[in-house]
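Subject: Structure handover

Hello,

Here is the structure you will be working with. Please open it and keep it beside you while you read my notes.

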There are 2 protein chains.
Amino acid sequence: VQGSLIRKDATMNSTAFARRVAGVAARTESLLEKLLGRAPGMGEIARPDLLMDAMRYTVLGGGKRLRPFLLVETAKLFGKGGDGPLRAGAALELLHCYSLVHDDLPAMDNDDLRRGKPTVHKAYDEALAILVGDALLTLAFEILADKRTGATAQQRLELVQILARSAGCGGMVGGQLLDLAAEGRYPQLAHSLSDTDNIIRIQSMKTGALIMAACSMGAILGGASASERKALAVYSSCLGLAFQIKDDLLDVEGNAEDIGKATRKDATAGKATFVSLRGIAGAKTYLTSITAEAKAALKPFGNKAVVLAGLMDFNSARNS
Amino acid sequence: VQGSLIRKDATMNSTAFARRVAGVAARTESLLEKLLGRAPGMGEIARPDLLMDAMRYTVLGGGKRLRPFLLVETAKLFGKGGDGPLRAGAALELLHCYSLVHDDLPAMDNDDLRRGKPTVHKAYDEALAILVGDALLTLAFEILADKRTGATAQQRLELVQILARSAGCGGMVGGQLLDLAAEGRYPQLAHSLSDTDNIIRIQSMKTGALIMAACSMGAILGGASASERKALAVYSSCLGLAFQIKDDLLDVEGNAEDIGKATRKDATAGKATFVSLRGIAGAKTYLTSITAEAKAALKPFGNKAVVLAGLMDFNSARNS
């Protein structure tokens, strides 16, 4: 009886979970609006209206804000709430949005739709899309360094360092290049980019690094111990992989209207994915096992980790 | 006699000055080579070779490294030498290089030559030029946050904050947008972008902000007082303006081979510059007066400021 009670506490129904995601998304949205205003109170001189309009178009009114959610909920695991984690989450979201804008450019993935709206270079022009991305990336670091984001200078520096490492040439940007290479763009890199190990490597850099960064940043703001940080690194590494497997499944099984962008792009591009290598059934089995591994890593946190565990189930069930 | 002796001490001949610039440039180059290596010792996973090749192509083997020089010499004004200022200078140079790569893109200024070599999107392709810029910008922040760059966490945070503010939507990137608008690209912004006040505003954001950042960052690492930082802000603001006036003059009077990129672009683009508004003679008079103003701001530092004063003369005399 005791065991079954604990198990009951340790799961969260999907309505409660969705409400919790929506709550963080709403608070993040409202903070992002402030941060992208003309007078952000950060001692800058005038920001050009057109640039700020395009940045707001890019960032506001869309997205599940799952990276901020992960950051905020990880900090909360250690009893840390308030503005700090929300600000760090907003910085991470700005960085995520920059990567989407540049990724959508004609020279990169050449996408016309994102979150159901015309991409930035379609709604404005390519020059603005380049500059919007550059400005969002830069703003992310400005926000992290601000004293409202973390109690100590050391904490804020760690946030800057983690985000820079995760987003740079040894992380997200490096992963974007390998991803283009996996489509055959750079023949000199094409050899052996198509097996599962390499897909996992590309994924861990391109999307996984930022998901792991979200979790690490929450752990830093929460004051996690070294062993707690280690457990969360295993969890978030599995989460990143699970996200990619699900994305690959949605690219084949999902519909473009739900997702807000074109589907079946990977097959068209001849790109190796978890689905192309293992088939739909194989990818689903893999998703199930990696989800279980993520939950196992949360064991040291007991029932407090119910939300982070719920994020795994949310990912498995999502249709966009 | 006393007065003339002081005056003699307070100027530096151009050969000695050039040697000093070359010295900082050589140390910066060698540090940049290390920072753009495959194993930078910053705890990252593998950086893709092709990306690192393109980053090295972009950054190494060119440029006067005047921003690092300004940073290093400002720190030295306060007796602060060593690796910290050199690392901060290298970060600033990476950021400067990123802005050139993105600025050269077809959707932006569409330049084929930079520092006498094909621009990155010509030597590689557009996707790589976008990613190289993104990676350099991100790496700049990673380097600033590293403990080898500044003695205290507070100092390093200030470096991050100054660079982010200077480089972002209220600084360099905002200035790049206004600069495109000044060429008539965005009719909604074109009104009144062509008078001197607006040229100064665009310049102060597009190029001035980073030059002021170099000086501020040196002052922070040197432990400058508030009044010293104020004097240096006046100096560096004049220096930035003087650089732009000189660039505008070189665009009309210089030759492409010396400069390493196309000249007479501004007139072709119908862009208002200091030369188009005041004529060649008027722009030269303006340069002389702003140079004198910069030197006056250095007075509190006495003879120690001989190098920073020399930088003003160097700018007036340069032909590239």
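**What I found**

Arg115(B) sits in the loop that joins β1 (113-114) and β2 (117-118) of chain B. Strands here are DSSP runs of E with at least two residues, helices are runs of H or I with at least four residues, and both are numbered from the N terminus. Arg115(B) is not a glycine, yet its phi is positive, at about 50°. (Buried means under 20% relative accessible area, exposed means over 50%, and partly exposed lies in between, with a 1.4 Å probe and protein chains only.)

Chain A has its own Arg115. Arg115(A) lies in the loop between β1 (113-114) and β2 (117-118) of chain A. Its phi is near 50°, again positive in a residue other than glycine. Arg115(A) has a relative accessible area of 28%, so it counts as partly exposed.

**How to read the model**

This is a predicted model: local features need pLDDT of at least 70, side-chain atom pairs count only at pLDDT 80 or more, and totals for chains, interfaces and linings use all residues. Residues are numbered from 1 along each chain as its sequence is written, chains are lettered from A and ligands numbered from 1 in the order in which they are written, and side-chain values use heavy atoms, with hydrogens and water left out.

**Confidence**

pLDDT is the predictor's confidence in each residue, from 0 to 100. Chain A averages 89, and 89% of its residues score at least 70. Confidence in chain A is highest in α7(A), at 98, and lowest in helix α1 (residues 2-9), at a mean of 45. Residues 1-9 of chain A have a pLDDT below 50. Beyond near neighbours in sequence, that stretch has three contacts in the model. (Contact means heavy atoms within 4.5 Å.) For the complex, the predictor gives an ipTM of 0.92 and a pTM of 0.92.

**Chain A**

Chain A contains 16 helices and two strands. Of its 320 residues, 57% are buried. Take the contacts in chain A with a separation of 6 or more: 73% of them join residues 24 or more positions apart.

**Where the chains meet**

(A salt bridge is a side-chain nitrogen of Lys or Arg within 4 Å of a carboxyl oxygen of Asp or Glu.) Arg165(B) forms one with Glu142(A), with the closest N and O atoms 3.8 Å apart.

**One residue to look at**

Find Thr138(A) in helix α7 of chain A. Thr138(A) is buried, because its relative accessibility is 1%. Which residues does Thr138(A) contact, leaving aside its neighbours within four places in sequence? They are Leu137(B), Phe141(B), Ala164(B), Ala167(B) and Gly168(B).

Best wishes
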